[in-house]
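Dear colleague,

I am passing this structure on to you, and below it you will find my notes on what turned up when I went through it. Please read them with the model open beside you.

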Amino acid sequence: MKKLISVSAAFAGLALSMTVITPASAQAPDEATMKLGQRVFLMCRSCHSTEKDGRHKVGPNLNGVFGAKAGSKADFKYSDAVAKSGITWSEATINEWLTKPKDFLPGNKMAFAGVPKEPDRKALIAYLKDQTK
Ligand code: HEC
């Protein structure tokens, strides 16, 4: 029994040191984050597809959205608020957009109040990044 404890303690120590030396940005999102992101995306799914060449719904298909200019899907009719915003979608801009769309780009036509909780947005963005690449 005593041996078992010291072995697991050694493993815990190892896991801890690995966590310390690996920069957070280099880590792939864990399964729990992806699951939460998928759950949050249920709010978006009725209006947005994410797969390559997915059809537009009420909102534009989101494939390739990270790194793209806002309003860049040629065959979707955006509001001027989005089309002329001049912003590029990144983790940071999408995070702000999803906090409260109508404050970030007033006059946009995305009828969605926002995702108020930061952990939900973070998980959603990790999930979205994976789904839209
Ligand atoms: C009721 C439908 C609806 C819901 C729900 C919705 N959206 Fe949208 N979304 C839109 C519409 C419409 C636009 C275009 C807005 C405009 O042109 O003003 C848009 C635009 C966007 C854009 C900009 C796309 C581009 O090509 O510039 C992103 C990113 C986005 N939505 C993400 C999301 C996410 C993530 C969710 C869920 C948290 C969500 N939306 C929920 C309808 C919706």
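The C-alpha atoms of C44 and G59 are separated by 9.0 Å, although the two residues are 15 residues apart along the chain.

Before going further, please keep in mind that this is a predicted model, in which local features need pLDDT of at least 70 and side-chain atom pairs count only at pLDDT 80 or more, while totals for chains, interfaces and linings use all residues. Residues are numbered from 1 along each chain as its sequence is written.

The ligand

C44 and G59 come up again around the ligand, since both are among the closest of the 28 residues that surround the ligand, together with C47, Y78 and S79; a residue is near a molecule or strand if its C-beta atom, placed from the backbone, lies within 6 Å of it. The elements that give two or more residues to this shell are α2, α3 (80-83) and α4. By class, the shell around the ligand has 19 nonpolar, seven polar and two charged residues, where Ala, Val, Leu, Ile, Met, Phe, Trp, Tyr, Cys and Pro count as nonpolar, Asp, Glu, Lys and Arg as charged, and the others, Gly among them, as polar.

S79, also one of the closest to the ligand, is found in the loop between α2 and α3, and with 14 other C-beta atoms within 10 Å this residue is partly exposed. Leaving aside its neighbours within four places in sequence, S79 is in contact with G107, N108 and K109, two residues being in contact if their C-beta atoms, placed from the backbone, lie within 7 Å. S79 and K109 are 30 residues apart along the chain, yet their C-alpha atoms are separated by 6.2 Å.

The chain as a whole

The protein chain has six helices and zero strands, and buried residues make up 19% of its 133 residues. Of the contacts with a separation of 6 or more, 46% are between residues 24 or more positions apart.

The core and the helix packing

Which residues touch the most other members of the largest nonpolar core? Of its 15 residues, these are L98, L124 and L128, a nonpolar core being a set of buried Ala, Val, Leu, Ile, Met, Phe, Trp, Tyr and Cys residues joined through C-beta atoms within 7 Å. The elements that give two or more residues to this core are α4 (91-99) and α6 (118-131), and α6 gives the most, with five residues. Not counting residues up to four places away in sequence, L124 touches G37, V40, F41, L98 and V115.

Helix α2 (residues 31-45) packs with α6 at an angle of about 95 degrees, and their axes are 7 Å apart; axes are lines fitted to C-alpha atoms, for helices over the stretch in contact, and angles run from 0 to 180 degrees between N-to-C directions. The two helices, α2 and α6, are therefore roughly perpendicular to each other, given that angles under 35 degrees count as roughly parallel, over 145 as roughly antiparallel, 65 to 115 as roughly perpendicular and the rest as oblique. On the side of α2 the contact is made by T33, M34, L36, G37, Q38, V40 and F41, and on the side of α6 by D120, A123, L124, A126, Y127 and L128. By class, this contact of α2 with α6 has nine nonpolar, three polar and one charged residues.

Three further residues

D53 lies in the loop between α2 and α3, and has a positive phi of about 60 degrees although it is not a glycine. With 7 C-beta neighbours inside 10 Å, D53 counts as exposed.

G86, in the loop between α3 and α4, counts as exposed as well, because it has 8 C-beta neighbours inside 10 Å.

K129 lies in helix α6 and, with 15 C-beta neighbours inside 10 Å, counts as partly exposed.

With best wishes

Notes. A residue is buried if 20 or more other C-beta atoms lie within 10 Å of its own, exposed if 12 or fewer, and partly exposed in between; C-beta atoms are placed from the backbone. Helices (H or I, at least four residues) and strands (E, at least two) are DSSP runs, numbered from the N terminus.
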